[in-house]
Every structure is written in C-alpha cells, then in structure tokens.
Amino acid sequence: MVTLAEVAQHAGVSASTVSYVLSGKRSISVTTRQRVEESIRELGYHPNAGARALAGKRSNIIALMIPLRTDMYVPVMMEIAIAVATTARLHGYDVLLLTGEEGPDAVRRVTGSGLADAMILMDVELEDDRLPLLRGTDQPSVLIGLPADTTGLTCVDLDWTATGALCVEQLATLGHRDVAVIGEAPAVYERHTGFAERTLDGLRSRSRELGVRLLHRPCEGGYDAMASTLARVFDERPTTTGFVVQNESAVEPLLALLRQQGRAVPEDVSVVAICPDQVAVQASVRLTSVAIPAQEMGRHAVERLVAKLDGRDADEVVLIEPELTVRASSGPAAS
C-alpha cells in the first residue's frame, strides 16, 4: 500500500500539503495541487476509508443490503446488484455487499461505522423493521422496493400493482374468465414482501373490475410442489383456462405438467408470467410476460442516491411502468 508520506516525498511537498489537497480544507496553489495529484496517479495512492471517515470525508462506498433467502429468485437479485455496482463505479463509488438477514442490526452497523456514505436496501417488506432507523439518520438511503408508508423515503421499484393488473387484462381480453395465480413461496407472503403483495393487489382489483374469477395459490417451486399446487387448482376450479405465474422456479414444471395432462398451451390453457425476459424466451413455450427491469431498477437507485449525496434530490417514489410482451403462451380461451 502506498502511504501518504510516500506521495509527499514523490511530489516534493510536506505530508500536510498532500492531506490538504485531499481534504480541500486549505487553499493550495494550482501548481502544487497538480504536482500532488500527478504523484497520486503515478503511485496509485488510495486514501484509507477509515481515516477518511474519521476526518469527516466521504468513503466513496455505498452499502447494498440484499438478504439472500432460499425462497427468493437469486438471479434477479444479483442482476440488480450488478447494475448497482456498475452504475456506482461510473460515479466513483464502490459497493459494500451485505447479504445476511440482520435487518435493523445491519443498518446500525453501517450508520455507526462511517464506512459507507449511503445505503441501498432491497427485499423491502410492507412494514419493514429497518425503516424507523433510516428515518432517524441523516445518512442518505434508497429502497429498491415499496413499503406501505413511503413518508421520508426515496424508493425505486417496478409498479407491481400495475403489473398484476396488466396480466389479468391480457387474459381477460382473450376471453379467459377463470384465472389461477401461481405465486411465490408461502414465506414471501408471510413476510408481507412488498412486490408480491402489491402484485396480488393489482391482480385482485383488476379481476373484480373485469369480472374474472381469480384463484391465488403460493408455491415453493420445483416439480413436486407445482404438481401438488396444480392438482389443487383444477380440483377447486376445473374451468381454469388462464394462469399468471409469479415464481420463476415454477415456470418449467407448470408447462411440463400441463403437457402431461394433455392440456396444450395456448390452445387449451394460456400462461402469462412475471419474470426476466431470459426466463420467458428460454422456456419450453415462449412465454407472454411482463419483464422485471432489474438493470433499470439498480441504475435508478444509484442515480437517486448520488443525487441525494450531492444535495440535488429530495425524497420521492419512482415507479417503473410495466411492459407486457405477447409471445406463444397466450391465446383465446377455449370455447
């Protein structure tokens, strides 16, 4: 590691002069500043983050809190994380990744250590127990997700309520009147995770408006769980002709089971998914779907956070409008 003293020796100035150039606490002549900055570049000097925090300077680190749970689709979470890291680097920030399920303790650790300048929180619940701590600190933060109460918070998310409504509209337009929703794992709803709850709200409210009968069944994903869930759906609602799937792990098992039962997609049953485009186009039947804009969500979150760090942005809620792409899995309801 190159030290501040080595930079000073290389530039032919005192260590205090290098410190003043870095901190901006004193006026330094243009010539001296340029000489110090050139030495910093040549030697590859990086100020110690802890020392900079103690001096009241920025660490140029953003903490990303992304609990990795077994009941969540990790590839989407990591795609958002990569977008956050890439965008942060463009703005001169590095990302500290916190993947544990510590909740408020993780927020306390970040705000108390001074290691990170700001925070981005994912996997947001409607009544998230991290939020009181965020509202009580001056450290900027952005949520990728929408809690029940957004007062005093900056949030970026897909408009999940509109997403649910869009899926039902697509099936209703094609004449489907009995629709089953294959949802996330039960634990996701037990935690009242924002995206799942809001999607369900959109599905239910639009179904009532359109006269569609809706049946919602959470599913762990995987073949055995999907087989059990599908059997329950057709036992309870034999006239089901449309499915909305918000569970990437259940997509291919659902399609396989429908084939085994002799139900052709889309001739007998239509399927609309809420999933990444990659999942939709690589399925055994190319799925009509609403894409999850993971990269856009990550980019927006960092841009809002950098604006807050620079004092250019107030708290706001940014909802990304959903887009539905029609593919081979949806068609007119069978007569």
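1. Helix α5 (74–90) and helix α14 (residues 294–309) have axes that come within 8 Å and cross at roughly 40°. Axes here are lines fitted to C-alpha atoms, for helices over the stretch in contact, with angles running from 0 to 180 degrees between N-to-C directions. Helices (H or I, at least four residues) and strands (E, at least two) are DSSP runs, numbered from the N terminus. α5 and α14 are therefore oblique to each other; angles under 35 degrees count as roughly parallel, over 145 as roughly antiparallel, 65 to 115 as roughly perpendicular and the rest as oblique. The crossing of α5 with α14 is right-handed, that is, the near helix is turned clockwise from the far one by less than a right angle. Contributing to the contact are V76, E79, I80, A83, V84, T87 and A88 from α5, and A294, Q295, M297, G298, R299, V302 and E303 from α14, where contact means heavy atoms within 4.5 Å. By class this contact of α5 with α14 holds eight nonpolar, three polar and three charged residues. Ala, Val, Leu, Ile, Met, Phe, Trp, Tyr, Cys and Pro count as nonpolar, Asp, Glu, Lys and Arg as charged, and the others, Gly among them, as polar.

2. On provenance: this is a predicted model, in which local features need pLDDT of at least 70 and side-chain atom pairs count only at pLDDT 80 or more, while totals for chains, interfaces and linings use all residues. Residues are numbered from 1 along each chain as its sequence is written, and side-chain values use heavy atoms, with hydrogens and water left out.

3. For helix α8 (residues 160–173) and α10, the axes come within 6 Å and cross at roughly 40°. That makes α8 oblique to α10. Their crossing is right-handed. On the α8 side the contact uses W160, T161, G164, A165, C167, V168, E169 and A172, and on the α10 side F195, R198, T199, G202, L203, R206, S207 and L210. The contact of α8 with α10 comprises eight nonpolar, five polar and three charged residues.

4. Helix α11 (residues 223–236) and helix α12 (residues 251–260) have axes that come within 9 Å and cross at roughly 55°. α11 is therefore oblique to α12, and the crossing of the two is right-handed. Y223, M226, A227, L230 and F234 of α11 meet P253, L254, L257, L258 and Q260 of α12. This contact of α11 with α12 has nine nonpolar residues, one polar and no charged.

5. A search of the whole structure gives one cavity of 30 Å³ or more. A cavity is a set of points, on a 1 Å grid over the protein atoms alone, where a 1.4 Å probe fits but cannot get out; lining residues have an atom within 4 Å of a point. Grid points are joined across faces, edges and corners, and a volume is the space filled by probe spheres set on the points. The volume of the largest cavity is about 310 Å³. Its lining has 22 residues, and M72, V76, M77, W160 and F195 lie nearest the centre. α5 and α10 (194–210) each supply at least two lining residues, with α5 giving the most, three. The lining divides into 14 nonpolar, four polar and four charged residues.

6. Two backbone details remain. The peptide bond from V265 to P266 is cis, with omega near 10°, and P266 lies in the loop between α12 and β9 (270–274). D123 has a positive phi of about 55° although it is not a glycine; D123 is placed in the loop between β3 (118–121) and α7 (131–135). Most residues other than glycine have a negative phi, and most peptide bonds are trans.

Definitions and conventions:
On a 1 Å grid over the protein atoms alone, a cavity is a set of points where a 1.4 Å probe fits but cannot get out, and a pocket is an open set with protein on both sides within 12 Å along at least five of seven lines; lining residues have an atom within 4 Å of a point.
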